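Welcome! Here is a short tour for someone meeting this structure for the first time. Take a look at it before reading on.

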Amino acid sequence: MTPIQKIAAAAAALPLAAVLALSGTAASAQPDYPTKPVRIIAPFPAGSGPDANARELAAELTKILGQSFYVENRPGASNIIGTEVAAKAPNDGYSLYIGTTSSLSVVPHLYGKLPFNAERDFAPISLLGVLNTGLIATPSVTAKDARELIAQLKSRPDSINVATQGIGSYSHLSAAWFNREAGVKSNLVPYNSNSPYADLLAGQIQLMFDGLPAAATNVQAGKLKLLAITGRERHPSFPSVPTFAEQGLPEYTPIAWQGLLAPAGTAPAILEKLSGAMAKVCQSPELAKKWRDYGGELRCNTPAEFAAFIQADRAVWGKVIRAAGVRLD
């Protein structure tokens, strides 16, 4: 059992009431909620992969609850801008928030001072889905899997360039985690605001650790290759790709996730109604197929389970970030 699974197993025993208590003493929800449009605050740019997922979620909730749900993008500053807006939004059920690995698990460990408290300012509703992390390589890389790559790096440290999307980014921290777990050294190249995929496709840089949506199409077309993937078992969309656990790294478990939350103090009845709606969202075969096709899994859960999931994920990333010695303030 991985560290995140151990923590989640213990925390999942929390009763639902304990999680809903985070919502405070706000007035009870009206039984016909929602009676007007509901905004979902997204801390990432319009047109991005996470934005597409958020808009699909909004469309599903609109169908299920019979009222308009729409996405309001508030990108910038490592998701901090949108997260602050959501944390300070009215807790009346008409302002919700799409949380991510970055905003609620990673960023709190990178900055000593934030305009929100990731643990206290939100009431979890449900996970939406998880995205496995892939070890993505240009075809010129001779290693056929992670085990061979590790052997190469141990014999020739820093001989391979690994793209990252900037210091403290998901790709950077995933690469640093791999280096530590595998006991190797690679040359981490930050791209900051520029996407590294053009250089990866051109063979100008050899590797990248990232969630699979951005790479899935090129992997399936043979323009890039996967040496390993996270997850408890092989992913159905990439059945020939071994997991990191199969390659001798069972403790290497980064995943990217998205989930729905509300500002703390939102009435328990509203959280319960939204949680029930999210359970129906995850029954959509079309949406499940979309997540599966790009290396993910549509996965909803209860508020208590989602709270436990975030707590476990935040603890794991805290350990990774401390080991990497990364601070952004």
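## Before we start

A residue is called buried under 20% relative accessible area, exposed over 50% and partly exposed in between, using a 1.4 Å probe and protein chains only. Helices (H or I, at least four residues) and strands (E, at least two) are DSSP runs, numbered from the N terminus.

This is a predicted model, in which local features need pLDDT of at least 70 and side-chain atom pairs count only at pLDDT 80 or more, while totals for chains, interfaces and linings use all residues. Residues are numbered from 1 along each chain as its sequence is written, and side-chain values use heavy atoms, with hydrogens and water left out.

## Helix α3

Let's begin with α3, which covers residues 49-65. Its buried residues are Asp-51, Asn-53, Ala-54, Leu-57, Ala-58, Glu-60, Leu-61 and Leu-65.

## Thr-133

Now to strand β4 (residues 122-137), where Thr-133 is found. Is Thr-133 buried or exposed? Thr-133 counts as buried because its relative accessibility is 0%. The side chains of Thr-133 and Tyr-170 are joined by a polar contact of 2.4 Å. Here a polar contact is a pair of N or O atoms within 3.5 Å; within protein, one must be able to donate a hydrogen and the other to accept it, and residues adjacent in sequence count only if both atoms are side-chain atoms.

Contact, meaning heavy atoms within 4.5 Å, also links Thr-133 to residues beyond four places in sequence, including Ser-174, Phe-209 and Ile-255.

Terms used:
The expected span of a helix is 1.5 Å times one less than its number of residues.
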